[in-house]
Amino acid sequence: MTQLDLSLMGVLDQALFRNAWQQIVERHDILRTIFVGDRLVQLVRAHADVNWQAFDWRDLDAEQQAEKFLQYRRADKKQGFDLTQAPLLRLAVMR
């Protein structure tokens, strides 16, 4: 599993950002792909909802934010993916 984190500067319209990712998933078959059966046959779903979480940690100091972020990354990595559920990606926004 690969984790990628990006820092965005400026104002972010979270609803618009989430909708943009949903459109990307709808447009690209590979992002709606799952694997089924003992031989892991590839199957493209007609629809898949983006897995989305949003956190607001602005009331925490920088050290607490950094710790929360590390905890999130560890838990996210540990969670892994169910290859029978699309999409095989998750998005999280931390403020």
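1. Helices (H or I, at least four residues) and strands (E, at least two) are DSSP runs, numbered from the N terminus. Helix H2 is followed by Gly80, whose phi is positive, near 65 degrees.

2. The model is predicted: local features need pLDDT of at least 70, side-chain atom pairs count only at pLDDT 80 or more, and totals for chains, interfaces and linings use all residues. Residues are numbered from 1 along each chain as its sequence is written, and side-chain values use heavy atoms, with hydrogens and water left out.

3. Helix H2 comprises 18 residues, 62–79. From first C-alpha to last it reaches 26 Å, close to the 26 Å expected at 1.5 Å a residue (the expected span being 1.5 Å times one less than the number of residues).

4. The protein chain contains 2 helices and 4 strands, arranged along the sequence as α-β-β-β-α-β. Its radius of gyration is 16 Å, well over the 12 Å that the globule rule gives for 95 residues, so the chain is more spread out than a compact globule. The radius is taken over C-alpha atoms, and the rule is 2.2 Å times the number of residues to the power 0.38.

5. Along the principal axes, the C-alpha atoms of the protein chain fill a box of roughly 50 × 30 × 15 Å. Of the 95 residues, 17% count as buried (under 20% relative accessible area, with a 1.4 Å probe and protein chains only).

6. Among contacts (heavy atoms within 4.5 Å) between residues at least 6 apart in sequence, 61% join residues at least 24 apart.

Notes:
Buried means under 20% relative accessible area, exposed over 50%, partly exposed in between (1.4 Å probe, protein chains only).
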